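User: I am new to this structure and would like a short tour. Could you take me through it?

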Amino acid sequence: MAKRKSANGETNGDATTGFLRDSDANDEFFMGFALNEARLARDDGEVPIGAVVVIDNQIAGSGRNRPIGSNDPTAHAEIVALRETARRVGNYRLTEATLYVTIEPCAMCAGALVNARVKRLVYGAADLRAGGVDTVFQICANSSLNHQVEVTSGVRADEGRRLMQAFFRRRRKTDTGDGVDGGKITSEYE
C-alpha cells in the first residue's frame, strides 16, 4: 500500500508520523524551487509547471514544462527533472528520490515515477481533469504495479494553482484562435 499524507497533516497508510512531521518544512522549502521552475516555464510561454528531484536533501535535478519550445510532447516538468537526475546519478532507478512538482502529475508522469522507482512524490495543486496520482487515476498507489510511490499532496497548492489560473487567464485574453491550441484552451484552472 502506498503511504499518503496531505498538507493538512492527515495520514493514511503506514507512514511514520514523526518523519512526516519533520519533513513538512523541507517539503515547503523544496516546493519553492519547483515553483521557481514553474515561473520560468511561464516566462517561456509554457504551461507553468515546475519540478525538482531531491536526494539526500540535495537537488539532484530540476525541470519545467517545455513541450512547446522543444517540440516534444513528453517534455513535462517531471520527465525533464527525472531525466536530468538519472543522467547526473548514472542510474535510471531513483529509489531514494523525492520529486516535488507544483501540480499533480498526469498519467504519463505518474507512470514514469513508478518506472524510475521514485520513493516519494510531493505535489501542490490537484489536477481534476487529468491527474494521474489521485484525482482521475491512482497510478502511484496501484497494487497491480511492481512499485508504489509514497505521496504527499497539497503542499503550497494555492501558489501553484494561482500561477496556472493567471497563465490561462492571460492566454485567453491574447489568444486569437490561431495559436498552438487552435483557440481551444481547456484547463480546470480557467
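Predicted model: local features only at pLDDT ≥ 70, side-chain atom pairs only at ≥ 80, totals over all residues.

User: Which ring cluster includes Tyr100?

Analyst: Ring pairs join Tyr100 with Phe29, Phe30 and Phe33 in a cluster.

User: Is Phe30 buried or exposed?

Analyst: Phe30 has a relative accessibility of 4%, so it counts as buried, because buried means under 20%.

User: How do the rings of Phe30 and Tyr100 sit?

Analyst: Their centres are 5.6 Å apart and the planes make an angle of 40 degrees, a tilted aromatic pair. Phe30 belongs to helix H1 and Tyr100 to strand S5 (residues 98-103), so the pair ties together parts 70 residues apart in sequence.

User: And Phe33, how exposed is that one?

Analyst: Phe33 is partly exposed, at 37% relative accessible area. Phe30 and Phe33 are three residues apart in helix H1 (residues 17-43), so about one helical turn separates them.

User: How many aromatic pairs are there?

Analyst: The count comes to five aromatic pairs. In one of them, the ring centres of Phe30 and Phe33 are 6.3 Å apart with planes at 35 degrees, so this pair is tilted.

User: Changing topic: what span should helix H5 have?

Analyst: H5 has 18 residues (residues 157-174) and should span 26 Å at 1.5 Å a residue; its end C-alpha atoms are 26 Å apart, which agrees.

User: Which residues of H5 are buried?

Analyst: The buried residues of H5 are Ala157, Gly160, Leu163, Met164, Phe167, Phe168 and Arg171. Viewed down the axis of H5, the buried residues fall within an arc of 135 degrees, so they line one face of the helix.

Terms used
Residues numbered from 1 in each chain as written. Heavy atoms only, no water. Helix = DSSP H or I, 4+ residues; strand = E, 2+ residues; numbered from the N terminus. Expected span 1.5 Å × (residues − 1). Buried < 20%, exposed > 50% of the residue type's maximum accessible area, 1.4 Å probe, protein only. Arc of directions from axis to C-beta. Phe/Tyr/Trp six-rings, centres within 6.5 Å; stacked < 30°, edge-to-face > 60°.
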